[in-house]
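Please consult the sequence and the model shown here while reading.

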Amino acid sequence: MGQPESRESEQQELPPGQRLQRGWPVTHYGPVPKFKPDRWEFRVFGATADGEKHCWNHEEFSALPFSSVVADLHCVTKFSMLGAEWGGVLARTVLELAPPADNVTHVMVWAEYGFSSNLRLADFSAERTVFATHKGGEVLTAEHGFPLRLVVPHLYAWKGPKWVRGIEYMTADRRGFWEERGYHNVGDPWREQRYSYQEEPGDGPEL
C-alpha cells in the first residue's frame, strides 16, 4: 500500500500538466560553451544603488558564502524533478553585496552567447532562488550549466538560465530571449503560464 500512497503524494506536488521525472534530461538551446576560468567574470550592472558595476572573477565568486537549497525543478516541456538539492550562492547574497537602486523592479539574467531571461525583483530575491554550482553535492556538469546556473524553484526552469554571467538591474520590465519568442513573461508553473498568449494585463510588456 505504501507505493500507491507515495505516487499520490508525488502527484500532489506536481504543478498542472507536469509529469514526474526520475532522471535529469539535458535541455537547452544552442551549443554547450567552453569554460575558460581565466576569462570568466560575473557582473552586476544596470541600476545599482551606488551607480557602479560590480564584478567577481571565478575564484572570487567561488569564495562567496555557499548555501544549500532543496527545491523542485519544473521544465516547460512538462517534466518535473522533485526535492533536488542545489548548492551555490543565494540570489539574496548577491543583492546584499551589490544592492539595487530603490526603483529597481526587475532583473535581466544574462548568460553565455547573449542569452537572457527577465525576472521580477520579487522572484529573483525569493528565499530559495540560487546561483547553483552543485546538485546533489556534485559539481554541475557542463551540459547542466557548469560553472553557474540560476535556479528559481517557483517558476518554470527557463527562467533560470544555464551558464550565467551576470545580472542587470532594471527600473522597467523588458522581455528576455524566450519571452520575446512566445513564452510567458512570468512563467508560474502552478498557473501553467507557458505561453505569451496566456498573458493577462500587467503580466509583461507588449510583444
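R43 has C55, in β3, as its bridge partner. The model is a predicted one, in which local features require pLDDT of at least 70 and side-chain atom pairs pLDDT 80 or more, while totals for chains, interfaces and linings use all residues. Residues are numbered from 1 along each chain as its sequence is written, and side-chain values rest on heavy atoms, with hydrogens and water left out. Strands are DSSP runs of E with at least two residues, helices are runs of H or I with at least four, and both are numbered from the N terminus.

Strands β2 and β3 run antiparallel and are joined by 4 bridges; two strands count as paired if DSSP finds at least two bridges between them. Strand β3 covers residues 54-57, with H54 and W56 on its covered face and C55 and N57 on its uncovered one. In a regular strand, side chains alternate between the two faces of the sheet. The charged end of R43 sits over the ring of F45, 4.6 Å from its centre. For such an arrangement, NZ of Lys or CZ of Arg must be within 6 Å of the ring centre and within 35 degrees of the ring normal.

## The loop residue T48

T48 is found in the loop between β2 and β3. T48 counts as buried because its relative accessible area is 5%; buried means under 20%, exposed over 50%, and partly exposed in between, with a 1.4 Å probe and protein chains only. The side chain of T48 makes a polar contact of 3.2 Å with the side chain of D50 and reaches the backbone nitrogen of G51 at 3.1 Å. A polar contact is a pair of N or O atoms within 3.5 Å; within protein, one must be able to donate a hydrogen and the other to accept it, and residues adjacent in sequence count only if both atoms are side-chain atoms.

Leaving out residues up to four places away in sequence, T48 touches H54, P99, P100, A101 and Y169, where contact means heavy atoms within 4.5 Å. T48 and A98 are 50 residues apart in sequence, yet their C-alpha atoms are 7.0 Å apart in space.

## The nonpolar cores

The largest nonpolar core has 26 residues, and those with the most contacts inside it are F42, F61, F124 and F131. At least two residues of this core come from each of β2 (41-46), α3 (91-97), β6 (106-111), α4 (121-124) and β11. A nonpolar core is a set of buried Ala, Val, Leu, Ile, Met, Phe, Trp, Tyr and Cys residues joined through side-chain atoms within 4.5 Å. Another core, of 13 residues, lies apart from it and includes V69, A84, A132 and A157.

F124 touches A91, L95, V107, L119, T129, F131, L150 and I167, when residues up to four places away in sequence are not counted.

## Aromatic pairs

The whole structure holds 14 aromatic pairs. The rings of W158 and Y183 form an edge-to-face pair, because their centres are 4.8 Å apart and their planes stand at 80 degrees. This pair links distant parts of the chain, 25 residues apart: W158 lies in the loop between β10 (149-151) and β11, and Y183 in the segment after β11. The rings of Y195 and Y197 are stacked, because their centres are 5.9 Å apart and their planes are at 15 degrees. Rings of Phe, Tyr and Trp (its six-membered ring) pair if their centres lie within 6.5 Å; planes under 30 degrees apart count as stacked, over 60 as edge-to-face and the rest as tilted.

One aromatic cluster is formed by F115, Y156, W158, F177, W178, Y183, Y195 and Y197. W158 is buried, at 9% relative accessible area, Y195 is partly exposed at 33%, and Y197 is exposed at 67%. R181 lies over the face of F177, at 3.8 Å from the ring centre.

S80 is found in strand β5 (residues 79-90) and is buried, with a relative accessible area of 0%. The side chains of S80 and H74 make a polar contact at 2.7 Å.

Most residues other than glycine have a negative phi, and most peptide bonds are trans. K78, in the loop between β4 (67-74) and β5, has a positive phi of about 90 degrees although it is not a glycine. W163 likewise has a positive phi, of about 55 degrees. The peptide bond from F146 to P147 is cis, with omega near 10 degrees.
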